[in-house]
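Colleague: I have a new model on my screen. Could you show me how to read its helices?

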Amino acid sequence: MASNGVLEDINQTAAYIPYQEEDTRADHDSYTLFPDRDLPNGYELRLEAYRAAWLKCLTRIQDLTRALHAPVVDRVSELVNKSYIDILPGLPYPELPVISVSTNGVSSSFLDEITSQLEGRDDDALFGDANSGHLVTHIFPSDCPNVSSAMKTLVTGFITKYERELGSGKRKPGKFTQYNGPQPAASMVRRAAQSEGNESEVRLVIVLHDFEQFEPPVVQDLFEICSLAIPRLPLVFVLLLASPPSPSYIHMTYPRRILSLLQVRTCVFPWSNDVLHEILLKTFFDVDFEPELMIGPVLIDFLADFFERHSVSLDSLMSILQLAHMKHFEEPLTVFLHNERLGPSDAGNSVLGEPASFGFLEALFTRVRNARDANNHKEWLNTSIDDLLSTVRTARKTFRSRVRLLRVALQVILLIRAFMLSEGYKVEATLSELMCGVMRGRIQNVTKYLCTMVKKLRKEQINRLLPELRDFFASLPDKVRAAEKAISSQIDTAFSARDDEAHVVAGLLSEWLMAYFEERIVSLEDTPLWDIWYTGSTPFPTDLVNPSIRASILAGLLHPQEFSASVAANGRSTHNTEDDGEDEDDSLLHMPDTSILFQRYLESGKMINVYDWFESFAVVLEEQKRHHQRTQSRNLPERNGRPSTPRTPRTPRTPTRHSRGGKGRQRKEQDSDDPPEQQAEEETEENWRLEVQARFIRALHELDYVGFIRHTGRRADHVMRTVFDTPISGVTWALLFFLVRA
């Protein structure tokens, strides 16, 4: 730890303070919102369960995302490979290949996939075949303040990449500062490509990130310079644009003189709600994949609304799903998500047998018993832990089985819906509405409509529908196929009799499907302990995605104690002063300086006198000091049978407006023969007065930085308020606090 002398030395420009890792194991209980019914190590267990559940879901989404990116990545790679092969004959001069890629809606891994595709999969074959041998360099807007810096960045990027791949590190720093012109730069990069003897297959790809942020004059000069070096130098530009493809940013920004030098090709990621539906269906409603946590209809509705109104990004989708997972694992019972034993062998019994776990066991017992038995709060003492864990195990199997069959029923609905749409019938329900209706168990209108349409199908239509249904049930996994044996045999019967009487077969098939849907599609909230493996109707914490900054700042200034880990760990709320019997002045004693100053800020008018503001602030600090001394006096040991009482300190005088020079006169008039104790006391008071002023200035600057005050030129000693709303209510504050803590 740096000494105070080093910190106070004005000649030292920096001080090294080594990091000391704190022991945070004792603070883990502060992360629970339900301390009365949580396990002693519940935070660690839920965190481990969350990691496993989210990792499985994230891996699935990433695989689906790569599959969605693949067509666009392959298209970009194809255009790069054919950039100097498929040339339109009869052109007066060669055109510079430019590939415009719209990154709106793609994942952050999209650029890595493009770069990996262009550079090749084999690290040893730098200049291999046409599919794996391109040199790629990346240029950012901050690298191109002018055309000279842009050319230097372009050349340095290629040569550095070339030397890194071949293991050559003999170049000295700053060697390429001389290659600022077009011809030296072209010669240097061209020699790097010719060194492997396959120049005709190598492309020099320049990726311009955030293309809208580049200065158009710099990019115009860059295009003109590079157009002079082609086709001797096979340059290809890949532009990453965040703007929509229509209207085209390139054609709207750059003049025709520049566009005539370019051969622009556009690659667009086909983002739509169908992409969102595909990811949700293949992640949570696929019969071949079972996520650890099932999302509810509220989250599906939020995702559909969010992507229609705000952002269409795969990264946003993953962030929202991750927040939903984190929110779900606030519930203490979610420790049973994977294993009711809470670890290997009998580790769960040892944890649950501790006295600190009795509240958790009582909450679990209340959930697994019916309402009549739950009224007897002492009955759980006679129930063994093994019985409770066995109930959890049975509930998990029941829930998994019901969800598995529910996914099959939804896939049958989607199959019939797709068939009806291909036949020209109209189905108004969207995919998100179907998913939400199935999860709620209220989709009778859709199933009844589809079964009615099946009943009215003609013979040739029945002959096309039955094979699709038969192939679907035949392709189910083995553990699902046994449970669907009844409906599968009924479809086989209808398939064998489809040539006899089509209308009779259609009627029977409609009845069988209707009965099947009524049996399979039920609400998952009817299963015991459903909230361990299912988010249900839990509202999504919208403030975590689109936070209210103003409300958060007000809440932090008005109730700062609620954001401390110690208060939150005990599950208490300190902003309710009526329950504690403290008035407003007493509550200010435990607040930080900025909150004290903000409380006095709310009590003032439109114009605030800074001096009066300082005096009211100093009064609270004096009371804080006396309160601290009284607290210390209670802890002092008794002397001669009497409790020791410290001497009441003298209250320092706050500076007045007309006391300029008073300090010097007081020092002149002061007798030099004063006792040392009195001199030390006066020195302490002087230091305290300076501390109060410094704390006031710091708190004032913090409020000024946040934007709560505005300076005026009319009065130098006054500031203006910018916030006049009343403080937020207790109910609103409690809701905001728990969302922030989540």
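Modeller: We will take a few helices in turn. Keep in mind that this is a predicted model.

Colleague: Start with helix α30. What span should its 31 residues have?

Modeller: Count 1.5 Å a residue, which gives 45 Å for residues 676–706. The end C-alpha atoms of α30 are 45 Å apart, so the two agree.

Colleague: Which residues of α30 are buried?

Modeller: First the general idea. An α-helix has 3.6 residues a turn, so residues three or four places apart point the same way. Now the case here. Among the buried residues of α30 are E681, E685, W688, V692, R695 and F696. A699, L700 and L703 are also buried.

Colleague: Is R689 buried or exposed?

Modeller: R689, in helix α30, has a relative accessible area of 16%, so it counts as buried; the cut-off is under 20%. The side chain of R689 also makes a polar contact of 2.6 Å with that of E686.

Colleague: What comes just after α30?

Modeller: G707, with a positive phi of about 105 degrees.

Colleague: And where does helix α2 bend?

Modeller: At A70, by about 40 degrees. A proline, P71, follows within four residues. End to end, the 40 residues of α2 (42–81) reach 55 Å, close to the expected 58 Å.

Colleague: How do I describe two packed helices?

Modeller: Give the angle between their axes and the distance between the axes. Take α15 (residues 385–422) and α18 (residues 459–474). Their axes come within 11 Å and cross at roughly 155 degrees. Therefore α15 is roughly antiparallel to α18. The crossing is right-handed.

Definitions and conventions: Residues are numbered from 1 along each chain as its sequence is written. This is a predicted model: local features need pLDDT of at least 70, side-chain atom pairs count only at pLDDT 80 or more; totals for chains, interfaces and linings use all residues. Side-chain values use heavy atoms; hydrogens and water are left out. Helices (H or I, at least four residues) and strands (E, at least two) are DSSP runs, numbered from the N terminus. The expected span of a helix is 1.5 Å times one less than its number of residues. Buried means under 20% relative accessible area, exposed over 50%, partly exposed in between (1.4 Å probe, protein chains only). The bend at a residue is the angle between axes fitted to the seven residues ending there and the seven starting there. A polar contact is a pair of N or O atoms within 3.5 Å; within protein, one must be able to donate a hydrogen and the other to accept it, and residues adjacent in sequence count only if both atoms are side-chain atoms. Axes are lines fitted to C-alpha atoms, for helices over the stretch in contact, and angles run from 0 to 180 degrees between N-to-C directions. Angles under 35 degrees count as roughly parallel, over 145 as roughly antiparallel, 65 to 115 as roughly perpendicular and the rest as oblique. A crossing is left-handed if the near helix is turned anticlockwise from the far one by less than a right angle, and right-handed if clockwise.
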